[in-house]
Amino acid sequence: MLKALSILASVGSALAGTILWDGRMNDFTSSADLDKWSWSNQVGPYQYYIHGSGAVTDYVNLSPSYKNPADGGSTQGAKISLTSTAYWNGQTMRRTELIPQTTAAINSGKVYYHFSIMRSDTNAPSLNREHQICFFESHFTELKSGWISGAAGTSDPALRWEVGGTSQWDVVWEAGVWHNVAYEIDFSANTVAFWHSTGSAALTLAHAAVSGSTSSNGADWHLGVLELPRDGYADSNEDFYFSGVYIESGTLTTSVAGPGGVVTNPSSGGSSSAVVVPTSTSAAATSAAATTSAPPTQTNVVTAPKYGQCGGNGWTGATVCVAGSTCKVTNEWYSQCL
């Protein structure tokens with residue numbers, strides 16, 4: 001068995017994709033390490049500036065118990081929280097977000113953005129408000145949960161994947177279930193595909209590539225949550241759990257263990273090294289728990305959505321806001337459609 005595992009590990013190592021940026025927080029002693037970063041001292045794997053006025057532990061906490069147990073490549077996971085003070089820079093939205101601190105080409109060619117996400121029944125995300133999760137500033141792809149602004153009804157229990165504001169995949173978001181995700185983004189072809197699994201299962205293609213306005217300056221992917229305000233629904237503490245965060249190119253790692261990790265299969269008691277496969281999104285994948293919808297209609301004019309970024313030092317995305325909003329300067333680094 002050990003010899004077989006050694007062979008598997010060698011094969012996995014030989015085929016593994018190239019990690020462009022590693023956000024698995026294995027070198028963090030606590031979330032207080034995030035406070036070491038500033039615009040004048042850009043250290044560590046994350047930019048940490050989109051959060052409320054409280055201590056870092058009000059919004060981000062780390063623990064081995066916060067990660068997917070199958071994520072053998074991570075020593076700990078992150079609990080990202082929206083609290084009563086999670087208002088950034090005077091905005092009306094609650095936000096706690098981390099941004100990759102890297103000069104790597106995470107916005108070029110075909111790349112894979114990996115993360116796992118889970119919720120609990122304790123401090124559960126509201127079903128009555130829209131949550132934008134793990135999104136780009138231009139919102140060309142993201143997860144969402146809760147009631148989507150403008151939708152019928154008052155609540156929505158779904159976790160959904162969107163491209164360009166159109167839902168492509170959704171599933172009822174049950175407490176205690178780890179959802180493992182990889183955005184397959186081809187910045188050259190302007191397409192996005194969606195890989196997904198739950199628990200310890202390997203990623204499979206849940207939705208084939210669809211066209212999208214894949215705009216990114218390499219410093220605008222937000223790990224975390226933005227919650228839109230909604231009249232009639234009071235704030236409550238909400239927690240979101242993340243682990244296995246990294247970006248790779250080349251060959252997609254489908255094992256939840258991640259590069260360098262070993263995952264244990266709870267049903268068999270066995271272990272295997274991280275598995276990687278050459279990817280092709282030409283064949284559609286299916287999921288019994290998920291539904292898909294038609295690709296969004298593309299337009300020639302790229303606009304930033306309401307609450308999206310529209311300017312700032314180094315910004316290369318859309319600078320024109322969607323109808324009904326105006327680009328407002330927040331600081332040297334950030335302008336937003338409001």
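Seven residues come together as one aromatic cluster here: Tyr113, Phe115, Phe136, Phe140, Tyr183, Phe187 and Trp221. Keep in mind that this is a predicted model. Across the structure there are 15 aromatic pairs, and a couple of rings also have an arginine over them, Tyr246 with Arg24 and Trp147 with Arg230.

**A pair from the cluster**
- Two rings are described by how far apart their centres are and by the angle between their planes.
- For Phe115 and Trp221, the centres are 6.1 Å apart and the planes sit at 40°, so this pair is tilted.
- The pair ties together distant parts of the chain, with Phe115 in strand β6 (residues 110-118) and Trp221 in strand β14 (residues 221-227), 106 residues apart.
- Phe115 counts as buried because its relative accessibility is 1%, and Trp221, at 2%, counts as buried too.

**Arginines over rings**
- Arg230 puts its charged end over the ring of Trp147, 3.5 Å from the centre.
- Arg24 lies over the face of Tyr246, and here the distance to the ring centre is 5.3 Å.

- Most residues other than glycine have a negative phi, so a couple of spots are worth a look.
- Cys134 isn't a glycine, yet its phi is positive, at about 50°.
- You'll find Cys134 in strand β7 (residues 131-136), and with 0% relative accessibility it counts as buried.
- Asn190, also not a glycine, has a positive phi near 55°.
- Asn190 belongs to the loop between β11 (179-186) and β12 (191-198), and its 35% relative accessibility makes it partly exposed.

Terms used
Residues are numbered from 1 along each chain as its sequence is written. This is a predicted model: local features need pLDDT of at least 70, side-chain atom pairs count only at pLDDT 80 or more; totals for chains, interfaces and linings use all residues. Side-chain values use heavy atoms; hydrogens and water are left out. Rings of Phe, Tyr and Trp (its six-membered ring) pair if their centres lie within 6.5 Å; planes under 30 degrees apart count as stacked, over 60 as edge-to-face and the rest as tilted. Helices (H or I, at least four residues) and strands (E, at least two) are DSSP runs, numbered from the N terminus. Buried means under 20% relative accessible area, exposed over 50%, partly exposed in between (1.4 Å probe, protein chains only). A charge sits over a ring if NZ of Lys or CZ of Arg is within 6 Å of the ring centre and within 35 degrees of the ring normal.
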